[in-house]
Amino acid sequence: MPRFLTDILDRSLREEPLPREDIRFLVSLEGPDLQDVFASARTLRERYFGRGVFLYGFVYFSTWCRNRCAFCLYRTGNDRHTPYRKSPGEVLEVSRNLAESGVHLIDLTMGEDALYHEQGFEPLVGLVRSVRHEVGLPVMISPGVVPRDVLSSLAGAGADWYACYQETHNRDLFARLRVGQDYSQRMNTKTWARDLGLLTEEGVLTGVGETQDDLATTIEAMRDVRCQQVRVMGFVNQAGTPMERFSWPNRELAMIAALRLSFPSRLIPASLDVDGLAGLELRLQAGANVITSLIPPHSGLAGVSQHSLDIDEGNRSVKGVLPVLERLGLEASTAEEYEAWVARERRLAMAGEGVRA
């Protein structure tokens, strides 16, 4: 192992903040050197979470969206997919099924559906209240950019988390990816949510034209926002979009490890929404400690990057992922352990103490 890398990993294990030149170096690595980074990431994960992994149920209840994101299948005007919108009853049924299967959280996700964004958010607030009350699990809400008073209402209805992904913290690249959207407005929603006592999740997309310096900038921005969950997803080409044939190096695994070395106590997802079950082991070995995008088979729900991969086969289910955890010497945490983690972090957030680095 190169001496420079040894020094970085030693400082990481002492939980010293990594400067941007170290992060740029980490996300550039490949081969055996990257395996050493993964090993250090797993050490830090075990320090804070032991063998436990959290499981998130995913309910993409509306794929209608008014936005024109260059990377997204569900962008408005894309005739290569048929959007759907699930009823509150359907959402509750799926959420119950997910809870019974053993997930720890219900992630209620939608596009920026005009039904809510232009006609009022009361139905969304009511949906969050119903799921939180009837299912009894923590709820994450991913509605896109919403006004501060709506975030307050969602928190009052029982939402624990607000997720809003910037995708990149390079403003020029943001403008090319999230066409016609306001960078600062999107960042502000996460600050508002944090100030209201909600836990927050930030996310970055890799393989979309970013540089190693851009990824370092993202980690610095994540430090500033003080999110409790930070994630990276690899870009998947989507039919009918401006980026349908786009190609760029994908640094998802290196970025997962860099996030763990930078934020050892935070939640870092391993998404099933890029490579399905086949890619889960790699993401866990890179330091992730949450499995996201668990979707019940035959539920009529889609994923985001992979709208159908492994869903109806049952591979994106709790039953499907448990053998992978066992093979790696990991295990699903209990619902009580996750509830305790959320409650503790929400107390810290409401006290204005933020999160531990």
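Modeller: Happy to! The count comes to 1 cavity of 30 Å³ or more, where a cavity is a set of points, on a 1 Å grid over the protein atoms alone, at which a 1.4 Å probe fits but cannot get out. This is a predicted model, in which local features need pLDDT of at least 70, side-chain atom pairs count only at pLDDT 80 or more, and totals for chains, interfaces and linings use all residues. Residues are numbered from 1 along each chain as its sequence is written, and side-chain values use heavy atoms, with hydrogens and water left out.

The largest cavity holds about 710 Å³ of space; a volume here is the space filled by probe spheres set on the points, and grid points are joined across faces, edges and corners. Its lining has 43 residues, and Thr109, Tyr165, Glu167, Arg178 and Val304 lie nearest the centre. Lining residues are those with an atom within 4 Å of a point.

What kinds of residue form this lining? They divide into 21 nonpolar, 13 polar and 9 charged. Ala, Val, Leu, Ile, Met, Phe, Trp, Tyr, Cys and Pro count as nonpolar, Asp, Glu, Lys and Arg as charged, and the others, Gly among them, as polar.

Several strands each supply at least two lining residues, including E1 (52–62), E2 (105–110) and E8 (290–294); strands are DSSP runs of at least two residues (E), numbered from the N terminus. Strand E1 also contains Phe61. Phe61 touches Thr109, among others, not counting residues up to four places away in sequence, with contact meaning heavy atoms within 4.5 Å.

Key: On a 1 Å grid over the protein atoms alone, a cavity is a set of points where a 1.4 Å probe fits but cannot get out, and a pocket is an open set with protein on both sides within 12 Å along at least five of seven lines; lining residues have an atom within 4 Å of a point. Helices (H or I, at least four residues) and strands (E, at least two) are DSSP runs, numbered from the N terminus.
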